[in-house]
Structures are given as C-alpha cells and as structure tokens.
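Hi,

Here is the structure I promised to pass on to you.

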Amino acid sequence: MTTGHILAIESSCDETAAAVLEFGGGFNVRSNIIASQIELHKIYGGVVPEIASRKHIESVTKVAQQALIEAGVGFDKIDAVAVTYAPGLVGALLVGVSYAKSLAFSLKKPLIPVHHIEAHICANFISSPDLKPPFVCLVASGGHCTVALVESYTDYHVMATTRDDAPGEAFDKIARVLGLGYPGGPAIQQAAENGRASAFSFPQVQFNDSLDFSFSGVKTSVINMVHNFTQKDNPVPVEDIAASFQQAVCEVLADRLEACAKKANVKNIALAGGVASNTLLRKLCKERAERQGLGFYCPPPVLCTDNAVMIAARAYFDFIKGKFGGLDLNAIANLDIAKM
Ligand code: KG4
Ligand code: ZN
C-alpha cells in the first residue's frame, strides 16, 4: 500500500487555502487551512481580481506553513505538492502555481496540477469513502455550473454546463439587489427561511436540445421585479423574493441532475461546490435520488466551498498513476473538463 502526504494549495478565487492530506488505507485530513478574503471584497459586493491576487501573495506562505504545523509534519514528510492551475482568476491562480512550483523544485518532489472543478467533485471522496465511480455530480459554485459524469477517479466528462451565469453568481447578484450583502448564497438562504417560495414564479430555463443551464433570465426577472416595487415606492418583499428565487434556481439544478443521472444510467448522484451548501438544494436532490432509487452524496459545507483538501484528494489519483506536471506549468483562466 502506498502511504504518504500531499500538500495542496488553492488560490483560484478569494480563498487562500492549504491542506495536508495523508493517504494509505483511505484519506486522513491532517489539516485544512482557509484564509478567506470575504471581508476584503464585501464592500465591493463581489471579488475584485487585482485585490485577490495581492492578498494571495501576502497569505500563501503563511497558510502553507500553518497547514504543516497543524498537520504536525515537516516539509521532509511531503511526497508531492498539488496546486489548482485552472480554471479561475488568472492572477490569483498564478500565485498558487508559482508558490507550488518553487516548493516542488526545492523539495525535489513531484508537482501535481489540479483542475478546480474535478477537485470540487473529489471532496465527496473525503466525506464518503464508500462512493465509487461511475456517478454523476453537479458542481454548482460562484464561477461554475457543471454536471459531470465521473467515469473513473481520473476520467471526468461534462454532460451539462451553463450557457451564461453560474448559480452562485446569480445568488450573489440577487442578494446585492435585495440589500442582503455578500456572499449572497447564505444570505438568501437565511432570508428565504421567513419567505414563501410560492409567492412569485420566476423563469426556469430548459433547452430543447441539451441539458444545459441558463440563469441570466431568472436574474433579470428578479431585478426587474425589485425595480418595479421601488419605482412605485412599494416595500420590496425581500423574504418572499429570496424564497421564490432560491426555489426556482434549486429546482432547475435538481431536475437537471436527475435528468443527467437517468441519461448516464448511473446508480449514484453527488453534489459539490459552494452552492451545494444550500439546504434546499440538498433536500431537493435527496428527494430526487430517493424517487429514482439512487444513492445521494454531498460533502459537508466546509468541503463544498473552496478548500485545499479537495485539491489534494484529486491530486492523489494522479499521484498513484505517476502523472505529474512540469515546472513550465502555467495558470489557465478558462478550461473545461472534457466534453461528452
Ligand atoms: O465553491 P465556491 O467557494 O467558489 C467558487 O469556486 O466559485 O462557491 C462560492 C459560491 C458563492 O457564490 C456563494 O454565494 C455560494 O457559493 N454559496 C451558496 C451558499 N453558500 C455559498 N449559495 C447558495 N446557498 C448557500 N448556502
Ligand atoms: Zn470553487
């Protein structure tokens, strides 16, 4: 049995994260350090790329050191350095990639480049060691919306993707319009608790020829409704709008995941990404799974939002295959996982 430790670095958006994952007879999360930049970006209502890159530079060394301290291991115990290289904000990605390359070079250890969306899916292998491919996973986050068929631990194929916005992006934008702050997902979820999901009916886009998503319509529809209330000097029913919007988005996500599972004829479905923390989405997907006799998997919220444990988990499967990156590794802003 191969045993060892992977040190992973994540810096694709607004979290600088590092983790040590021990492997051999299963995974053991030795540390999971996340330095969130949320407070820094809050005043702008969203992530400012240049500010994100600068903050990653300040934090990356400290966060990696903290991950080793908490794991109780020194650099000498690290067998590979993993890093997110795509997709994400290019300046932010570059910070992690440059740090990981220098570290791998100086430690004389393999460098493992990791695709961020595949890593989100692999968070499920940490929380549910019994989950085995093939299965279908919805990755819904601030930057992504993909349903992937996971054929093996190293083969991922896109079955459906968004034609415009990501659901997390829609949550963040609507929260801003409703004056609920950033990040929008948790704020909308909280406001929705006191609202009626049936108060308003927002568009749920479905294409005739594909299982793809579109969230620009629901976003525009909610914004127009809010403007309508304010222009007439009527109070905005924030909680009802939040609940109805959340319902529309989560129903589409759950429906499409169910359709993809049917198409791929798999026995299990899973969730991943920041929006997978949403309790309504989890509930709806669990109900769909039960209805279809499928197994349902979802990581705990701390492994749904960006973290480096999931980067290490994805890297492990390349590590055991001896698939490594070179020191010419570059960051890539847009890179899909393979299409079906
Ligand atoms: O995975 P993540 O940390 O970063 C990306 O890779 O994009 O996802 C962040 C996104 C944000 O848009 C945030 O609003 C959303 O996940 N999010 C949620 C919830 N918690 C976080 N969306 C809906 N409901 C939640 N409870
Ligand atoms: Zn992410």
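His116 and His120 both sit in helix H4 (residues 116–127), four residues apart, which is about one turn of the helix. Helices here are DSSP runs of H or I with at least four residues, strands are E runs of at least two, and both are numbered from the N terminus. Before you go further, note that this is a predicted model: local features need pLDDT of at least 70, side-chain atom pairs count only at pLDDT 80 or more, and totals for chains, interfaces and linings use all residues. Residues are numbered from 1 along each chain as its sequence is written, chains are lettered from A and ligands numbered from 1 in the order in which they are written, and side-chain values use heavy atoms, with hydrogens and water left out.

What do those two histidines do at the zinc ion? The protein donors of the zinc ion (ligand 2) are His116 and His120, each through NE2, together with Asp306 through OD, at 2.0 to 2.1 Å. A donor is an N, O or S atom within 2.8 Å of the metal (3.2 Å for Na, K and Ca), and sites may look incomplete because water is not among the atoms. Along the chain, the spacing of the donors is H-x3-H-x185-D. The arrangement counts as irregular because the four donor atoms subtend angles of 94 to 138° around the zinc ion. For four donors, tetrahedral would need all angles between 85 and 135 degrees; square planar (four donors) and octahedral (six) need opposite donors over 155 degrees apart and all others between 65 and 115; anything else is irregular.

Buried means under 20% relative accessible area, exposed means over 50%, and partly exposed is in between (1.4 Å probe, protein chains only).

Now for ligand 1. It has 22 residues around it, and Gly142, Asp172, Gly185, Gln189 and Asn278 come nearest; a residue counts as near if one of its heavy atoms lies within 4 Å. A polar side-chain atom of His116 is 3.3 Å from an oxygen atom of ligand 1, so to speak of a polar contact we need a pair of N or O atoms within 3.5 Å (within protein, one must be able to donate a hydrogen and the other to accept it, and residues adjacent in sequence count only if both atoms are side-chain atoms). Gln189 has a side-chain N or O atom 2.9 Å from a nitrogen atom of ligand 1, and a polar backbone atom of Gly274 lies 3.0 Å from an oxygen atom of ligand 1. Taken alone, ligand 1 exposes 560 Å², and the protein buries 90% of that (accessible areas come from the Shrake-Rupley method with a 1.4 Å probe, and for residues only the protein chains shown count as cover).

Gln189 also belongs to the buried residues of helix H6 (residues 184–192), along with Gly184, Ala187, Ile188, Ala191 and Ala192. What covers them? The cover includes helix H5 (167–177), helix H8 (238–264) and helix H9 (279–292).

Back to helix H4 for a moment: Ile121 lies there as well, and Ile121 is buried at 0% relative accessibility. Leaving aside neighbours within four places in sequence, Ile121 is in contact (heavy atoms within 4.5 Å) with Phe135, Cys137, Val139, Ala148, Val150, Tyr156 and Ala272.

His115 is in strand E5 (residues 111–115) and is buried, with a relative accessible area of 6%. The side chain of His115 reaches the backbone nitrogen of Ile117 at 3.2 Å. Residues that His115 touches, not counting those up to four places away in sequence, include Tyr85, Pro87 and Leu335.

Ala308 is in the loop between helix H10 (301–304) and helix H11 (309–319), and is buried at 0%. Ala308 and Ala18 are 290 residues apart in sequence, yet their C-alpha atoms are 5.0 Å apart in space.

Last, a few backbone details. A cis peptide bond joins Pro133 and Pro134, with omega about 5°, and Pro134 is in the loop between H4 and strand E6 (135–140). Another cis peptide bond joins Tyr182 and Pro183, with omega about -5°; Pro183 is in the loop between H5 and H6. Asp233 is not a glycine but has a positive phi of about 60°. Asp233 lies in the loop between helix H7 (216–231) and H8, and is exposed, with a relative accessible area of 71%. Asn265, also not a glycine, has a positive phi of about 55° and is exposed at 61%.

Cheers
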